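Biologist: I would like to go through this model with you, one question at a time. Could we have it on screen before we start?

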Amino acid sequence: MNEAMNDAPQLRIRNLVAGYAHLDILQDVSLDVRKGEFVTLLGPNGAGKSTLLKTLFGMTTHKGGSITWHGKEIAGGKPKQFLANGFGYVPQGRCNFPQMSVDENLEMASYTIRDGNIAAERRYVYDLFPILHQRRNEFAGNMSGGEQQLLEMAMAVLRRPEILLVDEPSVGLSPQAITLVFNELGRLHKGGRTILLVEQNTRKAMDAAERAVVLRLGKVIWDSPTSALGHDDLGDLFMTGRVQEPSAHHVAGIH
Ligand SMILES: Nc1ncnc2c1ncn2[C@@H]1O[C@H](COP(=O)(O)OP(=O)(O)OP(=O)(O)O)[C@@H](O)[C@H]1O
Ligand SMILES: [Mg+2]
């Protein structure tokens, strides 16, 4: 368990309803994330996992419920407010500038920091991800998928977020690249960051994270330490919303 972790939830989501225009995708979502915790958010396609991360970055329509961050209400805020509050977001899919070098991509990311010192920010990130330093003059689009994923994580980490929201970082990557990305996520977590990770590679995600939250049809149907959830139960949970033989540790939502 991480030293930075304590009992007060850093992020507290209660009865959250959010979506797009007239569509309510998240229905009554409640979830706590403690400081320094590594939580993986799992669920079938279309469950609302990306919508939840987007909502935690002010990119959906807030319809109801509460998101408190260190006790302050932040639901319905704009992305720049989430950024200012210490949220870092790495969206699903490629999100770098492919025809710019690694150096230039990091420079673009540092423009989001008021009074940011581009050279210092880059040094900070290159110390964390030496592999990016080696590739600093390469066009981002010429790098491997794994290296591009690291760059995208680095572009978010550059702002030193307190919580990192990462959506499906392993999609389309080779097994070696997946290992690389998960190693880096593990290192970021050990460095004290709170991580909320959406993953389709459920085995890797459950190995890496301390807690698993399962979302289905816009609702939290499971919330437990990863050790209390059998990997083989995920298929049942995704399909039916229940495990065949409910475990004693099962916590559906937060009461
Ligand atoms: N911009 C949007 N406008 C309208 N509906 C959307 C939008 N983005 C997603 N949706 C809908 O919201 C629902 C949840 O989508 P979301 O992308 O959050 O699921 P997900 O759990 O991340 O799925 P996946 O595993 O496929 O990435 C889906 O029905 C989807 O069609
Ligand atoms: Mg998604």
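Predicted model: local features only at pLDDT ≥ 70, side-chain atom pairs only at ≥ 80, totals over all residues.

Biologist: Is Ala21 buried or exposed?
Modeller: The relative accessible area of Ala21 is 56%. Buried means under 20%, exposed over 50% and partly exposed in between, with a 1.4 Å probe and protein chains only.

Biologist: What is the phi of Ala21?
Modeller: Ala21 lies in the loop between strand S1 (9-20) and S2; strands (E, at least two residues) and helices (H or I, at least four) are DSSP runs numbered from the N terminus. Ala21 is not a glycine, yet its phi is positive, at about 45°.

Biologist: Where is His70, and what is its phi near?
Modeller: His70 belongs to the loop between S4 and strand S5 (72-73). With a relative accessible area of 46%, His70 is partly exposed. This residue is also other than glycine with a positive phi, near 50°.

Biologist: Let's turn to the ligand. Which residues come nearest to ligand 1?
Modeller: A residue is near a molecule if one of its heavy atoms lies within 4 Å of it. There are 14 residues around ligand 1. Those that come nearest are Gly46, Gly48, Lys49, Ser50 and Thr51.

Biologist: How many nonpolar, polar and charged residues does that shell have?
Modeller: Ala, Val, Leu, Ile, Met, Phe, Trp, Tyr, Cys and Pro count as nonpolar, Asp, Glu, Lys and Arg as charged, and the others, Gly among them, as polar. By those classes, the shell around ligand 1 has five nonpolar, six polar and three charged residues.

Biologist: How far is a polar side-chain atom of Gln92 from an oxygen atom of ligand 1?
Modeller: Polar contacts are pairs of N or O atoms within 3.5 Å. For the side chain of Gln92 and a ligand oxygen, the distance is 3.3 Å.

Biologist: What percentage of the area of ligand 1 does the protein bury?
Modeller: Taken alone, ligand 1 exposes 640 Å², an accessible area from the Shrake-Rupley method with a 1.4 Å probe. Of that, the protein buries 62%.

Biologist: Which element gives the most to the shell?
Modeller: Two elements give two or more residues each: strand S2 (23-34) and helix H1 (49-55). With four residues, the one that gives the most is H1.

Biologist: How many aromatic pairs are there?
Modeller: Rings of Phe, Tyr and Trp (its six-membered ring) pair if their centres lie within 6.5 Å; planes under 30 degrees apart are stacked, over 60 edge-to-face and the rest tilted. Searching the whole structure gives a count of three.

Biologist: Why is the pair of Phe57 and Tyr89 called tilted?
Modeller: The ring centres of Phe57 and Tyr89 are 5.2 Å apart. The pair links distant parts of the chain, 32 residues apart, with Phe57 in the loop between H1 and strand S4 (61-69) and Tyr89 in strand S6 (residues 87-90). Phe57 is buried at 10% relative accessible area, and Tyr89 is buried at 13%. Their planes meet at 40°, so the pair is tilted.

Biologist: What is the angle between the planes of Trp69 and Phe87?
Modeller: This pair is tilted too, at 4.5 Å centre to centre, with an angle of 50°.  Trp69 in strand S4 and Phe87 in strand S6 are 18 residues apart. The angle asked for is 50°.

Biologist: Which residues do ring pairs link into a cluster?
Modeller: Trp69 is buried at 4%, and Phe87 is buried at 1%. The cluster is made of Trp69, Phe82 and Phe87.

Methods: Residues numbered from 1 in each chain as written. Chains lettered and ligands numbered in written order. Heavy atoms only, no water. Polar contact = N/O pair within 3.5 Å; in protein donor to acceptor, adjacent residues only side chain to side chain.
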